[in-house]
Amino acid sequence: MQWTLVVPLKPLARAKSRLSDTAADGLRPGLALAFALDTVAAALACPAVKDVAVVTGDALAGRELGALGAHIVGDEPGGGLNAALAHAAGVVRTSRPETPVAALNADLPALRPLELARVLDAAAEFPRAFLPDAAKIGTTLLAASPGNELRPAFGTDSRARHRTSGAVELLLDAVDSVRQDVDTGADLRAALVLGVGPRTAAMAARLLIKEQ
């Protein structure tokens, strides 16, 4: 099964405010863009991924991610993360109604293509499935097989919300790179230990963050 991934990215100027203890205001937009670029590059290299659609209203991010090969979908609804994901999934399925679609976080800078393939292959066994994040509170991936709506419920306690919605929680080992999203300085250090992509590594060097 070849998946289309939908990756949401908020305007860079407002991204990653919880990294304020690690990165100054002037560096956080560049760090958020680096996360997204490394995430999308790894996703495009995944053998289970047909293509990637990034939903964003940020012009710079759109140009940079488009240059990698991602399709850019405008954040038209302006109704927040879940509305943006539902909109993008709808755009994808307007032309390809039988396409399996998965929402993937944009802040997975340590993402490994083969680990992502394992997650997507497991998700293909269910109408809807999700992978919880490293903290076991949120969600990093939500998948909908052909004929099933995505029905995203990202946000606070999204692991519980997705389970309540009927999505199957994927219980997989050795997919840490797909779980490790980055919201805080501690998250970034954990991602660095796993090994991040080149853009995040360059930004992290500027921040003088050392692997622990």
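Select Thr 139 to begin: this residue is buried, with a relative accessible area of 3%, where buried means under 20% relative accessible area, exposed over 50% and partly exposed in between, using a 1.4 Å probe and protein chains only. The model is a predicted one, in which local features need pLDDT of at least 70 and side-chain atom pairs count only at pLDDT 80 or more, while totals for chains, interfaces and linings use all residues. Residues are numbered from 1 along each chain as its sequence is written, and side-chain values use heavy atoms, with hydrogens and water left out.

Thr 139 sits in strand β6, residues 139–144; helices (H or I, at least four residues) and strands (E, at least two) are DSSP runs numbered from the N terminus. Display its contacts next, meaning heavy atoms within 4.5 Å: leaving aside neighbours within four places in sequence, the partners of Thr 139 include Asn 105, Phe 130, Asp 133, Phe 154, Ser 158 and His 162.

Gly 155 lies in the loop between β6 and α5 (158–164) and, at 43% relative accessibility, counts as partly exposed.

Turn next to the largest nonpolar core, whose 40 residues include Leu 5, Leu 116 and Leu 141, among those touching the most other members. Such a core is a set of buried Ala, Val, Leu, Ile, Met, Phe, Trp, Tyr and Cys residues joined through side-chain atoms within 4.5 Å. Helix α1 gives the most to this core, with seven residues.

A second, separate core of 17 residues includes Val 55, Val 101, Phe 130 and Phe 154. Finish on Val 55, which is placed in strand β2 and counts as buried at 2% relative accessibility. Not counting residues up to four places away in sequence, Val 55 touches residues including Val 6, Leu 9, Val 73 and Ala 88.
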